[in-house]
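Colleague: I would like to learn how to read an interface and a salt bridge. Please show me with an example.

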Amino acid sequence: MRLSSRARTSLRLATFGTIGLLYLPLALVFVLSFNSAASLAWPPRGFTTHWWSTFLDVESARAALLSSARIAGVAMLLAVVLGTMLSFALQSRDFFGKSTVSLLAVLPIALPGIVTGVALRNTFVRFGWDLGFLSVVAGHATFCIVVAHNNVVARLRRISPNLREASADLGATPRQTFLLVTWPLIRSAVLAGAILAFALSFDEVVVTTFTAGAGISTLPQWILNNFSRPNVLPYVTVVASLMLVVSLPIAWLAQRLSEGGND
Amino acid sequence: MRAVQRVGERLEQAARLGAGGRRAEGRGRPRSSAPLAGLLAPPLAWLLVVYVGSLALLVVSAFFSLDDFTGKVTTNLTLGNLDEAFTEPDYWSLVARSVGVAAAVTAICLALALPSAFYISKVARRGAKRGLVVAMILPLWTGYLVKAFGLRAIFDPGSGPGTGGLLSSGVGWSPGFGYASVVATLAYLWFPYMLLSVYTGFERLPDSLLDASSDLGAGSVRTFRSVVVPVLVPSIAAGSIFTFSLSLGDYITVKIVGGTAQMIGNIIERALLAPNQPLAAAFTLWPIGLMVAYLWTMGRLGAFENL
């Protein structure tokens with residue numbers, strides 16, 4: 001691409017400037033979690049690790065961390081199983097309504113979360129199901145299906161159908177072909193989808209708010225309920241930073257895994 | 001990341017297919033339909049029963065009423081909720097403001113995504129490309145609240161000297177909590193979706209087209225208008241579905257950096273907590289209707305590109 005060196009430089013500046021802006025708020029939250037003053041005011045008053053070392057003593061935060069992990073784990077399993085099945089179904093051949101089905105899978109993350117949340121809550125309440133662990137898991141699984149599905153279907157598209165046909169020609173049963181040929185090829189994509197589904201569920205706020213009853217509080221819920229309480233605020237920055245340092249490397253790993261089948 | 005990029009592509013495809021640009025992609029390999037049905041049934045049943053079923057039930061429940069005595073939802077049908085949600089001028093202006101916020105967020109995301117996506121796709125060294133895309137997308141997975149909270153720490157106007165956030169203490173000026181901060185925060189939150197879509201669009205645009213355009217004497221503005229934009233329209237439309245939709249329904253960012261600002265999401269939540277579920281359902285018809293119209297329009301844009 002021919003460009004004047006001035007255009008080149010300004011484009012580079014714009015790009016790196018944008019990346020800088022993207023990470024500035026994240027860095028800020030991390031820095032403020034070591035602030036000795038219990039406020040978001042800049043500049044920080046002093047350095048302390050007190051909040052980090054004591055946040056596990058905050059009973060409600062610990063419980064929220066646990067329930068977040070449990071919900072994300074189960075929602076991830078459901079989403080991976082359903083999403084992978086969907087990928088195999090949509091990849092195998094054309095059928096009537098195929099494009100509608102893929103649009104349907106995207107809708108739960110393309111429509112505003114509040115619509116999904118209010119709709120699911122309404123259904124659960126109407127049928128007399130208790131709002132709690134299971135209703136939150138059902139809500140999360142619904143919008144996580146698409147993440148698992150997208151990773152697996154993209155990998156399936158890259159696998160030559162010849163491989164499976166060769167396997168069948170050599171006398172393998174469909175089961176053997178799946179276990180010995182297809183599965184090893186898609187394994188890393190399934191894992192990447194699982195990681196991203198877990199991350200998506202772990203971070204989710206809106207659907208959780210509406211599908212959780214009084215008894216359940218996830219980590220994002222806990223942040224939302226406490227950010228305006230001055231005495232809990234420092235722990236909110238710690239929890240937020242914790243989510244940051246856990247999710248960044250994990251998302252990076254998922255990215256590597258999902259590209260693994262490229263070559 | 002990759003996943004979102006694919007979601008974008010999928011949305012584009014779906015938009016094009018939905019608008020009548022159907023292309024045959026048959027593989028022509030006959031297979032039995034039994035395994036297909038078995039694989040398709042569970043996920044499809046889940047999406048149809050849990051998701052579509054709930055949406056349908058939600059629409060129906062907008063016609064239900066509250067028992068005057070007990071305050072419980074009864075299935076006595078009424079138009080009262082719709083009347084309140086759709087004829088109050090106050091709600092009209094609230095909806096207009098929400099649409100304005102969503103449109104502003106989309107415009108800002110696009111304005112920021114175009115130069116970066118162009119640089120990464122067409123200018124950056126091949127080896128640096130992937131790293132740059134990952135750097136732009138990674139924040140998408142770090143949690144909504146972490147980011148909204150980070151921006152609160154930036155925009156916080158404080159209540160006196162030394163109590164403000166990064167902007168008011170560091171620069172001496174802050175927009176404070178209000179619509180401006182809401183727009184900036186939402187744009188920050190959903191920017192990666194737009195970037196990925198636009199980047200995917202640029203990747204589909206052959207370099208030779210740009211070179212040919214300048215060989216034929218077009219300046220950069222003309223090339224952008226006549227060559228780049230037509231190719232990018234479906235990608236931009238796909239990205240805008242996320243930036244527009246996710247902003248339109250938002251109510252949490254408004255709580256964190258919005259001060260007294262209100263959006264559709266806030267009145268839905270308020271009605272639900274009242275608790276007046278049927279009225280909340282009637283309010284959700286606003287975002288549902290707006291998004292259906294928006295998706296339809298974007299489908300048309302994708303279709304134009306195919307002509």
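Modeller: Buried area is the accessible area (1.4 Å probe) that two parts lose on being put together, summed over both. This is a predicted model, where local features need pLDDT of at least 70, side-chain atom pairs count only at pLDDT 80 or more, and totals for chains, interfaces and linings use all residues. Residues are numbered from 1 along each chain, chains are lettered from A in the order written, and side-chain values use heavy atoms, without hydrogens and water.

Colleague: What area is buried between chain A and chain B?

Modeller: The size of an interface is often given as the accessible area lost when the parts come together. Here about 8,900 Å² is buried between chain A and chain B, and carbon and sulfur atoms give 73% of that area.

Colleague: Is Lys122(B) buried or exposed?

Modeller: Buried means under 20% relative accessible area, exposed over 50%, and partly exposed in between (1.4 Å probe, protein chains only). Lys122(B) has 9%, so this residue is buried. Asp207(B), at 32%, is partly exposed.

Colleague: And which residue pairs with Lys129(B) in a salt bridge?

Modeller: Glu203(B) does, at 3.2 Å from N to O. Lys129(B) is buried at 16%, whereas Glu203(B) is partly exposed at 38%.

How values were computed
Salt bridge = Lys/Arg side-chain N within 4 Å of Asp/Glu carboxyl O.
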